[in-house]
Amino acid sequence: MGKLAASPLDQQARTVVERLHRESKRQMLPAVLPMIRHSVTSRLRDGTWDSTQSEAGKRWLADKFVALDPEKAALCYLLCRSSGARRIVEVGTSYGVSTIYLAAAVRDNAAEDGAAQGGVVIGTEHEPGKVAAARDHLAQAGVADFVEILEGDLRETLPGVDGPIDFVLVDIWIPMAAPALRILEPELRRGALVVCDNVVSGAKEYREYLDFVRDPDGPFQSVTIPGQGGIEVSMKR
Ligand SMILES: C[S@@+](CC[C@H](N)C(=O)[O-])C[C@H]1O[C@@H](n2cnc3c(N)ncnc32)[C@H](O)[C@@H]1O
């Protein structure tokens, strides 16, 4: 038995995500120095370490996976399965790695209810090249029928999304996290879960998002799970 639990995905989807997780990791190794350079430039020029909104940063990130860690993606699969999620929004799709986990959960929930259809993951991505590649990866994984990707800036595409939403994954450039959740919040059903990545390593940059989900008088109850950058799991009251 390995040190970590095996992937919850079926063989077809697992083969695809294993390849994509490897590609994502391989891309990041030589990227460490350029990432530091972009962050320092943003800090000096714009007063923030976050380089995702600068023109140079955007250009550099346009072909990067930045995929969710496999264990976090597997956790999302299980949370979606245990809550019977059928309507999911993914804030940040990139090449579709986490999307495969979410779509497999929707498909498996539908199958358990004896319904071949009847569930969807709504993805969001503004890089056209990533959208095309994500569609291809979803087809290879056998889950394309359960995904609609909204192509464009999520601040324009998300306001058209209706509820009731069961689950949201927030895996996006940090300045987009709070605006995205504020748009979606009214459409979340009571008990809906929201998972957001890297809230411990990026706690300062995520302050607006974290103030929103941790507000004792706000619409969420929240827990922080540290480790690997940390994730925040929030439940709509
Ligand atoms: C961290 S990556 C998502 C990774 C993905 N969840 C996965 O695990 O494979 C964030 C993605 O959000 C996209 N993005 C950033 N800002 C956006 C915006 N305003 N509207 C739509 N997509 C955006 C980026 O192009 C990037 O591909």
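A residue is termed buried under 20% relative accessible area, exposed over 50% and partly exposed in between, with a 1.4 Å probe and protein chains only. The legends below describe a predicted model, in which local features need pLDDT of at least 70 and side-chain atom pairs count only at pLDDT 80 or more, while totals for chains, interfaces and linings use all residues. Residues are numbered from 1 along each chain as its sequence is written, and side-chain values use heavy atoms, with hydrogens and water left out.

Figure 1. Strand β7 spans residues 231-236; strands (E, at least two residues) and helices (H or I, at least four) are DSSP runs numbered from the N terminus. Because 5 of its 6 residues are buried, β7 is largely enclosed by the rest of the structure. Val-233 lies in this strand and counts as buried, at 12% relative accessibility. The C-alpha atoms of Val-233 and Val-213 are 9.1 Å apart in space, the two residues being 20 apart in sequence.

**Figure 2. Antiparallel partners of β7.** Two strands are said to pair if DSSP finds at least two bridges between them. Strand β6 (residues 220-225) runs antiparallel to β7 and is joined to it by 6 bridges. Within this pairing, Ser-222 faces Ser-234 of β7, and Ile-225 stands opposite Ile-231. The two strands form a hairpin with 5 residues between them, and Gly-227 in the turn has a positive phi of about 105 degrees. Strand β5 (residues 188-197) is also antiparallel to β7, through 5 bridges. Cys-196 has Glu-232 in β7 as its bridge partner. In a regular strand the side chains alternate between the two faces of the sheet.

**Figure 3. Strand β1 and its parallel neighbours.** Strand β1 covers residues 87-91, of which 4 of 5 are buried. With strand β2 (residues 120-125), β1 pairs in the parallel sense over 4 bridges; here Arg-87 is opposite Val-120. Strand β4 (residues 165-170) likewise runs parallel to β1, and 4 bridges join them. Val-91 has Val-170 in β4 as its bridge partner.

Figure 4. Most residues other than glycine have a negative phi, and most peptide bonds are trans. The bond between Gly-163 and Pro-164 is cis, with omega about -5 degrees; Pro-164 belongs to the loop between α7 (154-157) and β4. Ser-94, in the loop between β1 and α5 (97-112), has a positive phi near 50 degrees although it is a residue other than glycine. Ser-94 is buried, with a relative accessible area of 11%. Val-66 is not a glycine either, and its phi is positive at about 50 degrees. Val-66 sits in the loop between α3 (55-61) and α4 and is partly exposed, with a relative accessible area of 33%.

**Figure 5. The second largest pocket.** A pocket is an open set of points on a 1 Å grid over the protein atoms alone, with protein on both sides within 12 Å along at least five of seven lines; lining residues have an atom within 4 Å of a point. The second largest pocket holds about 310 Å³ of space, where volume is the space filled by probe spheres set on the points, which are joined across faces, edges and corners. Among its 16 lining residues, Ala-5, Ala-6, Ser-7, Pro-70 and Glu-71 are the closest to its centre. Helices α1 (11-28) and α4 (70-82) each contribute at least two residues to the lining. Domain 1 (11-61) and domain 2 (70-236) each provide at least three, the bounds coming from an automatic or database domain assignment. The lining comprises 10 nonpolar, 2 polar and 4 charged residues. In this classification Ala, Val, Leu, Ile, Met, Phe, Trp, Tyr, Cys and Pro are nonpolar, Asp, Glu, Lys and Arg are charged, and the others, Gly among them, are polar.

**Figure 6. The whole chain as context.** The protein chain contains 9 helices and 7 strands. Its radius of gyration is 17 Å, close to the 18 Å that the globule rule gives for 237 residues, so the chain is as compact as a globular protein of that length. This radius is taken over C-alpha atoms, and the globule rule is 2.2 Å times the number of residues to the power 0.38. Along the principal axes, the C-alpha atoms fill a box of roughly 55 × 45 × 40 Å. Of the 237 residues, 47% count as buried.

How values were computed
1 Å grid on protein atoms, 1.4 Å probe; cavity = no way out; pocket = protein on both sides within 12 Å on 5 of 7 lines; lining within 4 Å.
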